[in-house]
Amino acid sequence: MPAPGADTETFGEAIELVDPDVLRVCSDPSNLPFSSEKLDGFENKIADLIGEKLGKPVSYSWFPMATGFVRKTLGEHRCDVIIGYAQGNELVQNTNAYYRTSYAFVFPEGSDLEGLQSLDDPRLKSKKIGIIAGTPPGNNMAHYGLMGRAKPYPLMIDTRVESSAARMMKDLDAGIIDVAILWGPMAGYYAKQDATPMKVVPMVKETWGPRMAYRITMGVRRTDQNWKRQLNTLIRENQDEINKILLDYGVPILDERDQPITQ
């Protein structure tokens, strides 16, 4: 799943036709920690869980998570569910949310940024900040006069070739930037893998600008009402197992009061 707001196209509604025998998943072939053709992303693990509960094998329709993703997968009936999609996006019909997370700061433990909570922290005036171009935290950075210290990384890339998040974390390790700002699942995943102990701080203390926290759902076609209800039931009945998968990948899960969910 991309950071929220990455796709803006539309597609027409189609006839409800969900495969009765196979869980057909729309997914990016190279977009860790979310999904990959090696089936080692957390959305792959959640798909396995849902398939097991449905008694269905899982198959994939692969397409890069960029402009055209929804139209070329769900919209063309190549598959029946996108495992991770931000709530409220008009391209799909959303199930109930199965987790909530936010953009996050990442910085080395023990650095002079310990205690950092928000972009209005005066210490950031002298720091080099990594930011994915075009994502919501950039608006706040501009408001606080931090863009002059920013090192931008591209939002729309071919994930089969490169990862902006991985490159940003390498720059953080090398001291090229002092703090990274990433979408929560990427922040937690790459921080957990880093040889340097990293602090991940969800951006839930911002008092200006766009929201930083989003509810994440599964996406289905607008006509697939029964399928949506079935998935809602599966999410409700298996929330603890879903949370465990997310936490195993370092995803910072938040409740509705912005408190961390740790089990």
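H1 passes H7 in a right-handed crossing. A crossing is left-handed if the near helix is turned anticlockwise from the far one by less than a right angle, and right-handed if clockwise. The model is predicted: local features need pLDDT of at least 70, side-chain atom pairs count only at pLDDT 80 or more, and totals for chains, interfaces and linings use all residues. Residues are numbered from 1 along each chain as its sequence is written, and side-chain values use heavy atoms, leaving out hydrogens and water.

**Exercise 1.** Describe how H1 and H7 pack.

*Solution.* Step one is to locate the elements: H1 covers residues 42–54 and H7 covers residues 239–248. Helices (H or I, at least four residues) and strands (E, at least two) are DSSP runs, numbered from the N terminus. Step two is the geometry: the angle is about 160° and the axes are 9 Å apart. H1 is therefore roughly antiparallel to H7. Axes are lines fitted to C-alpha atoms, for helices over the stretch in contact, and angles run from 0 to 180 degrees between N-to-C directions. Angles under 35 degrees count as roughly parallel, over 145 as roughly antiparallel, 65 to 115 as roughly perpendicular and the rest as oblique. Step three is the residues: Phe42, Lys45, Ile46, Leu49 and Lys53 of H1 meet Glu241, Ile242, Ile245 and Leu246 of H7. Contact here means heavy atoms within 4.5 Å.

**Exercise 2.** Describe how H1 packs with H6.

*Solution.* H6 spans residues 225–237. Its axis and that of H1 are 11 Å apart, at an angle of about 105°. H1 is therefore roughly perpendicular to H6. On the H1 side, Ile50, Lys53 and Leu54 take part; they meet Trp227, Gln230, Leu231 and Leu234 in H6.

**Exercise 3.** State whether Ser102 is buried or exposed, and find its surroundings.

*Solution.* Ser102 belongs to strand S7, residues 99–108. With a relative accessible area of 0%, Ser102 is buried (buried is under 20%, exposed over 50%, partly exposed in between, with a 1.4 Å probe and protein chains only). Leaving aside neighbours within four places in sequence, its contacts include Trp183, Pro202, Met203 and Leu254. A polar atom of the Ser102 side chain lies 3.4 Å from the backbone nitrogen of Met203.

Definitions and conventions
A polar contact is a pair of N or O atoms within 3.5 Å; within protein, one must be able to donate a hydrogen and the other to accept it, and residues adjacent in sequence count only if both atoms are side-chain atoms.
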